[in-house]
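Please go through the structure shown below with me, with attention to confidence and to one of its interfaces.

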Amino acid sequence: MIGAASLGWVAGKELTLLNVSYDPTRELYQDFDAAFTKYWEVKTGEIITIQQSHGGSGKQARMVIDGLQADVVTLALAYDIDAIAEKAGLLPPGWQQRLPHNSCPYTSTVVFLVRKGNSKGIRDWDDLIKPGVSVITPNPKTSGGARWNYLAAWGYALKKFDRDEGRARDFVDRLFRNVPIFDTGARGATTTFVQRGIGDVLIAWENEALLSVKESGKDEFEIVTPSLSILAEPPVAWVDSVVNKRGTREMARAYLEYLYTPEGQEIAARHYYRPRLESVAQKYAGMFPRVSLFTINEVFGGWRQAQKAHFSDGGIFDQIQRAGR
Amino acid sequence: MTGIIKTSSAASVKQSRRGAEESPLAKWALIAVALAFSLVFLLLPLVNVMAQAFVKGWACYWSSLTQPDSRAAIRLTLIVAAISVPLNVLFGLAAAWAIAKFEFRGKSLLVTLIDLPFSVSPVVVGLMFIVLFGLQGFFGKWLGAHGIKIIFAVPGIVLATIFITFPFVARELIPVMQATGTEQEQAALTLGASGWQTFWHVTLPSVKWGLIYGIILCNARAMGEFGAVSVVSGHIIGRTETMPLRVEALYQGATGASTVAAFCRGELAGAPGLVYAGDQDFPRMETGERISGSRSRIVDR
Amino acid sequence: MGHKRFSALPGFGLTLGFTLFYLSVIVLIPFAGLIVRALGLSWADFWHLATTDRALAAYRLTFGASLVAAVANAVFGTLLAWVLTRYEFPGRRLLDAMVDFPFALPTAVAGLTLANLFTANGWLGRYLVPLGISGAFTPLGVVIALTFVGLPFVVRTLQPVLQNLEREVEEAAATLGAGRLRTFAAIIAPSLLPAVLTGFALAFARAIGEYGSIVFISGNLPFKTEIAPYLIVMRLEEYDYTGAIALAVVLLVSSFLLLAAINLLEQWASRFQD
Amino acid sequence: MSIELKNVSKNFGGVAAVNNVTFSVKEGELMALLGPSGGGKTTVLRMIAGLEMPTAGDVFIRGRRVNDLSVQQRNIGFVFQNYALFKNMNVFKNIAFGLQIKKWKRADVRERIAELLNLFGLEGLDRRYPHQLSGGQRQRVAIARALASKPSVLLLDEPFGAVDARIRQELREWLVRLHHELNVTTIFVTHDQEEAMEVADRIVIFSRGVLEQVGTPREIYDQPANEFVARFIGVMNVLETEVRDGKARIGELEFPAHGQMDGQKLRIGFRPYAVQISSDLGLYQYQAVLRHTFFLGVLLRVELELPSGLTVRARMTKEEYSHQGLADGRRVSFQIRQCRVLAREEAALPAETDLSFQAPPLLGENI
């Protein structure tokens, strides 16, 4: 074991930055890292290597808690970064106030992907609870993306039934009865729908849906935008205890701030994430349809509450699952 | 003296076995059932993997192979296998020697413990190492303070791989060593050989094919392990991604073409095993023949 | 050669010592870590975490599907081993080589491939699904995946035994008037039994722990197609370490008991061997 | 003395396999360890080799106590029952193994092996593997391998056990010739008394871990130390008699009792050749009917039934049989010229053998 330990490298020796992110951002950060490396070299003369790690958002957060030396985390939900703050104390509880827009440099939303022709006539959330409609969405317990999907449906139902929790719950219950398969992650669900041809509709992140349509051509899939959806806000943060130890705080902060610059926003938009910066948003307006969006804070009072009420062990989602068996 | 002594064994080897053989109907029915089963559980999956891999042709295969990150993953996988397989071989030889050649109390408990990693879920394996070495684990704080990385680094991947492939060599060797008995070793001792000499010149050659087969299985599993390694790897692209993780990453990476690329790599990760599988047919048959051959000779006497 | 007396053979202390050391470092210490963590829980908490109705449903599926798959492997694996060792037919060597394929294929790829085959538009699914046989995203899918990963264990355990089986004994049975079936039941089956049990045990044990291939083919619906290892992953995703550890300990202890029981069974079954 | 065992015992897990055995083997002697299976003879051989350690007692080779020497240091040649040839090595390598271990020069090894191949009639087989050899060839390779580095003693465990009867006879003669030629102290284990009698200079007889007798074949045959030896070697009529009026009696038969007390039970044994038969009913003391005749070649054996129902076995030559005009069913007279009191195991013998005149049927009927 002593011999093996010598193979592990000692932190802080090389100019590297580890960005621990979630699955669908792989291509986004490949481009962004290249841009930032160039920017940093011009600015400081330092040549840096940015390492990426991708996986399910919750799993990635857990690895950081367990000691993965992430300089920055760019995850799907604020809840996951909160967990890092709470369970391991690696960054302060107020991390979300350190960067603009609640530390969410880009946003997305939840839309529907249907097969060409839309034979089941899916227009809005109400169509998803009809009997005989097969809905594909990953497991909210294991996928951050799926939690956005679930909360979007819940938020729609709350509005529709005038904040009647019982009826909203019945709505979501019926929706999940139409789900034949729980993939563990968003990409798995996309594959199930796109490659295997299972299901009539895929509830997906907008960026995933746009990517699928682009990859397989417009003649196979259509995007359906619901009347109301959630503003998905993937947050970013540097991990204080790691950057302090490795002496990379400056670089990590600059890396995240670069996301808010026009260059960073361009890259995000090119990868189908909705930019925050008005000028860039204007430029790419044609790509993102207008949807009325609600935020998680407005409807659920923030991630912590949403997580506790819906996704904790024995929470509403578990109760729905148990009732539906 | 020469020539007087001839055994009649040759004459008795080939005999008609009509009375002790199935009817042709039963025989072909059995073959048909076996083939049907193999079609569903072996041939079709194999062909499917191949078909997926080559659906976009060699270009895709080649490009997914030559990406720098893929090359790094291949290198890491080879390193991990190069560490874990020899260690498990060493263990397998020692365990098989102790278990096959000696009687002692608690032997069956030991055998059960050796089998145990077979049945432990890779997820649990990963969890165990996290409980030990994770930042919140038993040694996490100490390791962190000393700058030693085990999980989310190569040592953790090696440990998980060793655990997963732990029983393969021992499991192959124990029955073979038991079958060969100890007379040859004793003969070597009477001829003046030391313990090591006996082991190298007599024991090792006589279990050669069992050992090779065990190494092949161990290696295939070491290079193919996904679950446990996934938990402890950290998935840092180009640094702690092994081939199977890379397969998954490519599968998750983007829809469409990349999935195909993922299958390319899946096929690639499987390929060494298959090559071995084809090769091992010969040695294993030979071992079988040798063992059965020596038995029938004993019966002849 | 009934009893073994090898006092002259060297290396017992060295090899057993190394075996125990290595076993401790690689297997026992990690186990101990997990168990110690579990001991940190009160018994009531542990019991509660380990026996939620969801967990019970997952155990049922995990152990049930593993059992079915191991039985299927014991039957068809024995048949396959028999056909491979006893008969000569075109493609025999190819088939023999293919038996190791499930070993060699990374489990995740195996799961994807099997799901590909059995979904409604897959090569097999397009014929089976109209018949009402869904091999993907159902408990049957779990059984299929587990059968696939466990197959080589039975075949490879049985082949050498079948090769070493003395044909004279079967011939003796034939000369005594036994028909082929009778010979098989009375003579061949008992001498194969220990090896079949070994193969069964290995396939079963492997099936209980299997994860990679199942998550892609099972559908992972709670109470329906959710296996215990997946539930552990889910507990981890909820940052619920204690819940995950409780489940892991249940799996560990049951597979240990199972292996120990099967080892005893093997000893009993091989009581006629020398 | 080439080899000496002094008060050697060996226990396996509390069971005594060898119990307080003492004997010695002279330089150049060909010694057989004889006894029924499970008698402890193989254990004795393995203790001499160093494959087992004695629980108590000392083993000496050429006057040197070797208890603490490992098997490698004892310079012995050992031939295993199933030969234990190295399956992965050809004949040449098998024989060369011990020489290479002892760091012989390559040329010397070649020369020695050529010599051995010639001596053992194995020329041209040096590239063959064990599975390509016949049983007899394998045995000779095993012996050649054991002898290659000129050990001080050659030990063979059941050397003829694994070959068929015809070859066994050839091998016996060959072993005797080989022994004469090489004159190396040789000990072999066998359960076949005929083999031991024919081949060995001297025989050690074991039963249940106890040494029963040591002696030349002649001594053992003529003067068995006890009933076990007597019955194990050759055929013997054994009778349980009771002393009355100063004579040991059973049925019509009476034997000298050498001053034993009346009422004393004595077991009396005599060899078939000690029985003299005549067709003249008046010639000898006892009368009987000739029941069966067994032709064994030059010799034949007859079974005599006494009026009381006792059966006695006798042996005679063919010439004598025809000279006397004997045939099954004829009445004859006979006498017993020589008998022994079998002192040992009086009480231990099971009851049903009381009236048995039969020796164990497997034993050499033609002696």
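**Confidence and the interface of chain D with chain B**

Over residues 344-367 of chain D the pLDDT (the predictor's confidence in each residue, from 0 to 100) stays under 50, and the model has 51 contacts (heavy atoms within 4.5 Å) beyond four places in sequence for this stretch. Where pLDDT is low, the predicted coordinates should not be read in detail. This is a predicted model, in which local features need pLDDT of at least 70 and side-chain atom pairs count only at pLDDT 80 or more, while totals for chains, interfaces and linings use all residues. Side-chain values use heavy atoms, with hydrogens and water left out, residues are numbered from 1 along each chain as its sequence is written, and chains are lettered from A and ligands numbered from 1 in the order in which they are written.

Q: What is the mean pLDDT of chain D?
A: In chain D, 92% of the residues reach 70 or more. The mean pLDDT of the chain is 84.

Q: How many residues of chain B are in contact with chain D?
A: On the side of chain D, 37 residues take part. Their partners in chain B number 25 residues.

Q: Which element of chain D supplies the largest share of the side that touches chain B?
A: Helices (DSSP H or I, at least four residues) and strands (E, at least two) are numbered from the N terminus. β6 (76-79), α2 (91-101), α4 (135-147) and α5 (165-182) of chain D each supply at least two residues of that side. The largest share, seven residues, comes from α4(D).
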